[in-house]
Amino acid sequence: MSKGNGKPLNVVGKPFRKVDARAKCTGQTKFADDIVLPRMLACKILRSHEPHALIRNIDISKALALPGVFAILTGKDFPIPYGILPVSQDEHALCVDKVRFVGDPVAAVAAIDEDVAFDAMNLIEVEYERLQTITSIEEGLFIDEPRIHEYGDGGNVHKKVSLEFGDVDEGFAEADLVREDTFFYEGNTHLPLEQHAAVAHFDPDEKLTLWSSTQTPHYVHRALTKVLGIPASHIRVIATPNGGGFGGKSDPFNHEVVVSKLAMITGRPVKCTLTREEVFYCHRGRHPVLMHVKTGVKKDGAITAMHFKSFLDGGAYGSYGVASTFYTGALQTVTYEVPRYKFEGARVFTNKPPCGPKRGHGTPQPRYALEVHLDKIAEELKLDPAEMRRRHLVPSNSVTANYLRIGSMGLGACIDKVVKGSDWKNKFSWEPAMTGAQASSLASVSDKTTAAGTVALQARKLPYGKGIGIACSAYICGAGLPIYWNNMPQSGVQLRLDRQGGVCVMCGSTDIGQGSDSILAYIVAEILGIDPFDIRVVTADTDLTPVDLGSYSSRVTLMTGNAAIQAAERARELLTIAVAEKLSVPIENISFADRRAFDVENPDIGMSFAEAVVLAESKFGTIGTVGSYSPPRSPGKYKGAGVGPSPAYSYSAAVAEVDVDPSTGIVTVEQVWIAHDIGKSINPVLVIGQVEGSVYMGLGEILMEEMAYRANRNAVHKFPSMLEYKSPTTMEMCDVKTYLIEDPDPNGPFGAKEVGQGPLLPVPPAVANAVYNAVGVRIDEVPITPEKVLKALREKDRGRDPRFGPNSVPNVDWPEPLRVLTPAEGGDGKEMPRVAVHS
Amino acid sequence: MTLEKGIQQKWHISFTLNGEPAEVAFAPHKTLLEVLREDLALTGTKHGCELGECGTCTVLVDGKSILSCLMLGLDAEGREVTTVEGMAANGKLHPLQDTFADLGAAQCGYCSPGFLLAAKELIEKSPRPSRDEIKEALSGNLCRCTGYIKIYEAVELAAARMRGEPMELPRESLFGLE
């Protein structure tokens, strides 16, 4: 991919403002709820207060009689199901026969204003017949009837997977130490400040336009086509700038379908803006995951084999859940070398708001488990946990046991930066955190270990109550495969140059605050030698912009960036030919910078960019070019190999320093040092913003955020409000020291990799490890609340296991694993024929 | 279909909005947030909860930051209300808006109007705010994108500029640590 022909960069790498910064700082950015159309109606959606029930009857007569009510819809108006994944088309815009969680949509009203719509909604009478509720992972696994859905892997199990790469038992036999740990990561939610909103307009020529705060307009377009039964060519979806997404606006949502249908029926524009409470029910956030990890290591910490099991509480619908399940097992192998690897995962349906993708999609939970587990292993081996990790990194340009192709790999440099920056070596010691039981099992091992990195028994360096911890992580730069199977590009960019020198970039990508619109402008400006603020960026409009799959899986900078490079280079080529001809110089002499095209050997000879466009348009006709991007094919060919491959992987390392008050259990994170392997910053100030925001969100997850439900059969959310769903304010946010590691990746635009999600991942385990370092208790359950710390400290005082967390995982009948020979074993990436080899 | 019941009698107020006299009529139960957005078309004031929990709808009333979702529109009678639309003047951004833009302190931009107004109140009261004062002053505003750090830096930089002191942006704010 182009790196700009090696010429000095004028835009890329510079801390420019975002192209929409002024609009955002003056309140002029139009979010979905800011759209007001003449004669617009308001929509309210009646939601179930039953967690699991059959709908016996819906009486809308009183509501319909209310003056100002224009239309009321129920499930019978939406017979066709939809869902983000082709394998889980299990949602209806309004529930048809039954409701599956408190908050499931049952009926929708369009009325003259929101007050009337609200009154009408409360006049709708629904008769329910209650069904038994399924509220936990255990119940989902073991209570088969009633089924929440009539599909899946039996009973209330949505998906079960079992994959084995190489023979893990052989690997465990080679190990000097085999350790097993159990962890639980509670679910939490995105909590974007903007509540979801959608406005639909059905015009007199029978074309539908939907404006929505969605991260994935293309998928919404597909879902509307399916559910409304009108051709895709009659539907236009425009994603408005998202007031925060974090993955929470990546599914097609019922309110989007409902307002579309209401607009078609009433012939008037219809808007639905969710209340904050409804946003909690939309959810699609972090899955609660129970995990068991078993790892074999040599004395120096080299991993010989790993067996990871995860159990996901999926909530009431499929959403991205099949992908989430695979993601809880996919990326364990891309940080440290894992020569043999086994993964078993199960996702269950429960009568709670559906879980889905939140920043890090399916990987923060296993990353937390793995990094705390490795910390425990380092302690048993009496190794410095930073050094142990540093020693066993996956090499760059390699293929992992589960067939993920690694390109650039900057984790070693990340670890070095945070170790040095945090003064790790003068702060970290295992004293006095090491307790008898854990240390004794391998005491003999460490006695013989003399290699660098061994931590001798040494005096405690930080006072009791102060602790430091480290963790590392990796993340994808875009999923290798699209959500629905096709051979088309994942991202397209169209460029239009006009004879006045104007440049318009059109792309389906969606700016959710991460700055993707600006990235398009920077890259095109760099290649055409113009100012990014001269460029008009048109994005996320299915009528005007080529498809980009959306703002998820940290794919946008890499994929739209590469497509933009291709489109811009094609335009530059046309301009170059015309300019070279005019100047009578060889084509290779023409360069573009400072809004000019010129002869590099004689830079005074040249012309303005606008004049160059006029020449090109005179010679070739109207100047428009396109670029597209498809990720490279993955070497993995086995069933399930679709989740995990990526054009590149970003890496992060974090050190956290904490203060734990043993009398209250309150954990204060004082400082986080974080280094992120970005490949190349397209704009460093935006990269740092993503890093700091990721640290913040990771901090919220580890310390306080949780989707908690009342402990009764009603499965009612305990606190669907921003006051009681605790998230960090300025008073809880820690200081952050950020390091960017630039090691350009050959697959990235100008070498760039992702930053939106990856830097969240090391934060929760770094804090958990620091808490242990501070007071000697392991909190193996996220979030680390004061109650859990106090309980663990009490256990410690009583001489019992100083930890808080789950002790076991359910005993599940896993399917016979799909076996794949690893690349090291000469495997070809395909599963081996199934034969009954194991008893 | 008759709409009579759906139409409520409107009340009328006069007040100062962004330095200009304003008059507006609206249903008496409406909050200042709703009046600004729905009856005056000033959609720069955003909402995140409409329950006084997130700070997103912050505006200044007589120079003091308030949550416009918790104040009745009727209570604005005769008062001076400043929204984000009143911060820039004659096409020139307020120093806070400039520094928010320069440092990427507005990512999605949804909470930004509320933060800008809360910060404006702070700087006008305390021209040289410490980092702790800034945290305290902004503690009622939630931001999910930035982790607040770029916001603190933007407030500090704007305050310095408003005091007439040239302040170099620390290199690490723009490029990270070496």
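Which domains does the domain assignment of chain A give? The assignment lists domain 1 (21-29 + 490-629), domain 2 (32-131 + 195-241 + 249-282) and domain 3 (289-479 + 637-804). The views below all show a predicted model.

**View 1. Domain 1 and domain 2 of chain A.** Domain 1 of chain A is written as two stretches, 21-29 and 490-629. Domain 2 of chain A is written as three stretches, 32-131, 195-241 and 249-282. Taken over C-alpha atoms, the centres of domain 1 and domain 2 of chain A are separated by 38 Å. Where they touch, 14 residues of domain 1 of chain A are in contact with twelve residues of domain 2 of chain A. On the domain 1 side of this contact there are five nonpolar, six polar and three charged residues.

**View 2. Helices α16 and α17 of chain A.** Helix α16(A) covers residues 516-528 and helix α17(A) covers residues 556-583. Two packed helices are described by the angle between their axes and the distance between the axes. Here the axes come within 9 Å and cross at roughly 30°. Angles under 35 degrees count as roughly parallel, and α16(A) and α17(A) are therefore roughly parallel to each other. Their crossing is right-handed. From α16(A), the contact is made by A:Ser516, A:Ile519, A:Leu520, A:Ile523, A:Val524, A:Ile527 and A:Leu528. An α-helix has 3.6 residues a turn, so residues three or four places apart point the same way. From α17(A), the contributing residues include A:Val556, A:Thr560, A:Ala564, A:Ala568 and A:Arg572. By class, the contact has eleven nonpolar, four polar and two charged residues.

View 3. Helix α9(A) runs over residues 321-330. Ten of its ten residues are buried, so α9(A) is largely enclosed by the rest of the structure. The buried residues are A:Gly321, A:Val322, A:Ala323, A:Ser324, A:Thr325, A:Phe326, A:Tyr327, A:Thr328, A:Gly329 and A:Ala330.

**View 4. A:Asn807 in a loop of chain A.** This residue is found in the loop between β31 (803-804) and β32 (818-820) of chain A. Is A:Asn807 buried or exposed? A:Asn807 has 8 C-beta neighbours inside 10 Å and therefore counts as exposed, the cut-off for exposed being 12 or fewer. A:Asn807 and A:Phe184 are 623 residues apart in sequence, yet 9.8 Å apart in space, C-alpha to C-alpha.

**View 5. Chain B and its two domains.** Chain B has six helices and five strands, and along the sequence they follow the pattern β-β-α-β-β-β-α-α-α-α-α. The C-alpha trace of chain B spans about 70 × 30 × 30 Å along its principal axes. Of the 178 residues in chain B, 52% are buried. The domain assignment gives domain 1 (9-83) and domain 2 (95-171). The centres of these two domains of chain B, taken over C-alpha atoms, are separated by 23 Å. In the contact, 14 residues of domain 1 of chain B meet eleven residues of domain 2 of chain B. On the domain 1 side, β3 (58-61) and β4 (64-67) of chain B each supply at least two residues. The most comes from β3(B), with three residues. By class, this side has four nonpolar, eight polar and two charged residues.

**View 6. Helices α2 and α5 of chain B.** The axes of α2(B) (residues 95-103) and α5(B) (residues 149-162) come within 8 Å and cross at roughly 135°. That angle makes α2(B) oblique to α5(B). The crossing is right-handed. Residues of α2(B) in the contact are B:Pro95, B:Leu96, B:Thr99, B:Phe100 and B:Leu103. On α5(B), the contact residues include B:Lys150, B:Ala154, B:Leu157 and B:Arg161. By class, the contact has nine nonpolar, one polar and three charged residues.

**View 7. The contact of chain B with chain A.** This contact takes 48 residues from chain B and 54 residues from chain A. On the chain B side, α2, α3 (112-125), α5 and α6 (171-175) each supply at least two residues. The largest share of that side, five residues, comes from α2(B). The residues of the chain B side divide into 25 nonpolar, 15 polar and eight charged.

How values were computed
Residues numbered from 1 in each chain as written. Chains lettered and ligands numbered in written order. Predicted model: local features only at pLDDT ≥ 70, side-chain atom pairs only at ≥ 80, totals over all residues. Axes fitted to C-alpha atoms, helices over the stretch in contact; angles between N-to-C directions. Helix = DSSP H or I, 4+ residues; strand = E, 2+ residues; numbered from the N terminus. Parallel < 35°, antiparallel > 145°, perpendicular 65-115°, else oblique. Left-handed = near helix turned anticlockwise from the far one by under 90°. Contact = placed C-beta atoms within 7 Å. Nonpolar A, V, L, I, M, F, W, Y, C, P; charged D, E, K, R; others polar. Domains from an automatic or database assignment. Buried ≥ 20, exposed ≤ 12 C-beta atoms within 10 Å, placed from the backbone.
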